[in-house]
Amino acid sequence: MESLKDRTAVVTGGASGIGRALCLAFAGEGARIVVADIDDAGMAETARGVAKAGSKAITVETDVTKLASVQSLADRAFGEFGRVHVLCNNAGVAVHGSLDSASHRDWEWVLGVNLWGVIHGIEAFVPRMIAQKEPGHIVNTASMAGLIASQGLGVYNTSKYAVVGLSETLAKDLRPYHIGVSVLCPMGVATQIRESARNRPADLTNEAPSAVEPVELMGRTLAPAAVAEMVLSAIRANRLYVITHEEGLEALRRRHERLEQAVLETKA
Ligand SMILES: NC(=O)c1ccc[n+]([C@@H]2O[C@H](COP(=O)([O-])OP(=O)(O)OC[C@H]3O[C@@H](n4cnc5c(N)ncnc54)[C@H](O)[C@@H]3O)[C@@H](O)[C@H]2O)c1
């Protein structure tokens, strides 16, 4: 997609951090915005920012873990604006700790938001985006933790590796319909991700609070606005991978070398 002017963009997790920055960046390009989140106050703040940028936003309370909620979001978005051109499946949460101590509730919560949230977005929006027969783009927020497995982030890694795999296939599946796909893989970004538990539902909260310290991320901490600019340029160029931190290059290289080595060592 070359221009977002007068297009419609839907952003889940749009009440904070990277999601809010995406809303503001798209609004700056003249797009109409559908902000989706479970945080009403945060969404209202994002909508004010969109208005300041000279564009229109609606806010739709949405829990991405629930298919019916994401389907209602799609109904509202198409109902209000007629078309949806950009869908950002961005809502996400993180837990820290080793896999042997992860609770069932950790798995359910993190996979529910980070993986099922993306799946629900695809189920609710893609058939209608195909049917409207206009160029479009889907951005799925994964993480560098979807390409490199760090100790202490196993549950999160699992969800994000799945989002990378899903996005790689989605890009192939949607090519005939002129719908591009990008998968956003940042390292540190200055957001509220470390306070993810603020939105954790009571029935998925652990009985004993976790004493685990968050994993220290290596590399720079980028501003959400800088990440949003990278996403905009990936949409324009139809680039699949949006890898925001060059600090990750060495670790990616080592992983690929180990994979190559494994093939060579294993071959008959
Ligand atoms: N900040 C980082 O360092 C970093 C690095 C890599 C990837 N990410 C990913 O970026 C994405 C955005 O996170 P962020 O860093 O902006 O964090 P953030 O906490 O600032 O924003 C996340 C948003 O998701 C919303 N959310 C949580 N559960 C939800 C649900 N069930 N339904 C709808 N919305 C829900 C929250 O209310 C919040 O507004 C996430 O997918 C995260 O995993 C962040």
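Colleague: Which hand does the crossing of H1 and H2 have, left or right?

Modeller: First, a reminder that this is a predicted model: local features need pLDDT of at least 70, side-chain atom pairs count only at pLDDT 80 or more, and totals for chains, interfaces and linings use all residues. Residues are numbered from 1 along each chain as its sequence is written, and side-chain values use heavy atoms, leaving out hydrogens and water. Helices (H or I, at least four residues) and strands (E, at least two) are DSSP runs, numbered from the N terminus. A crossing is left-handed if the near helix is turned anticlockwise from the far one by less than a right angle, and right-handed if clockwise; for H1 and H2 the crossing is right-handed.

Colleague: Nice! How does H1 lie relative to H2, roughly parallel or roughly antiparallel?

Modeller: Axes are lines fitted to C-alpha atoms, for helices over the stretch in contact, and angles run from 0 to 180 degrees between N-to-C directions. Angles under 35 degrees count as roughly parallel, over 145 as roughly antiparallel, 65 to 115 as roughly perpendicular and the rest as oblique. The axes of H1 and H2 come within 9 Å and cross at roughly 20°. H1 and H2 are therefore roughly parallel.

Colleague: How many nonpolar residues does the contact of H1 with H2 have?

Modeller: Contact means heavy atoms within 4.5 Å. Ala, Val, Leu, Ile, Met, Phe, Trp, Tyr, Cys and Pro count as nonpolar, Asp, Glu, Lys and Arg as charged, and the others, Gly among them, as polar. Arg-20, Cys-23, Leu-24 and Ala-27 of H1 meet Gly-42, Glu-45, Thr-46, Gly-49 and Val-50 of H2. Two of these residues are charged and three are polar, while the nonpolar ones number four.

Colleague: What about H1 and H6: are they roughly parallel or oblique to each other?

Modeller: Two packed helices are described by the angle between their axes and the distance between the axes. For H1 (residues 17-28) and H6 (residues 224-237), the axes are 8 Å apart and the angle is about 55°. The two helices are therefore oblique.

Colleague: How many nonpolar residues are in the contact of H1 with H6?

Modeller: The H1 side includes Ile-18, Leu-22 and Phe-26, and the H6 side includes Val-227, Val-231 and Ile-235. One residue of the contact is polar and one is charged, and the number of nonpolar residues is 12.

Colleague: At what angle do the axes of H4 and H5 cross?

Modeller: Among the residues that meet are Trp-107, Leu-111 and Ile-122 in H4, with Tyr-156, Val-163 and Leu-166 in H5. The crossing is right-handed. The axes of H4 (residues 104-131) and H5 (residues 154-174) come within 8 Å, at an angle of roughly 15°.

Colleague: Last one: what radius of gyration does the chain have?

Modeller: The radius of gyration is taken over C-alpha atoms, and the globule rule is 2.2 Å times the number of residues to the power 0.38. The chain holds seven helices and seven strands, and its C-alpha atoms fill a box of roughly 55 × 45 × 35 Å along the principal axes. With 268 residues, a compact globule would be near 18 Å, and the chain agrees, having 18 Å.
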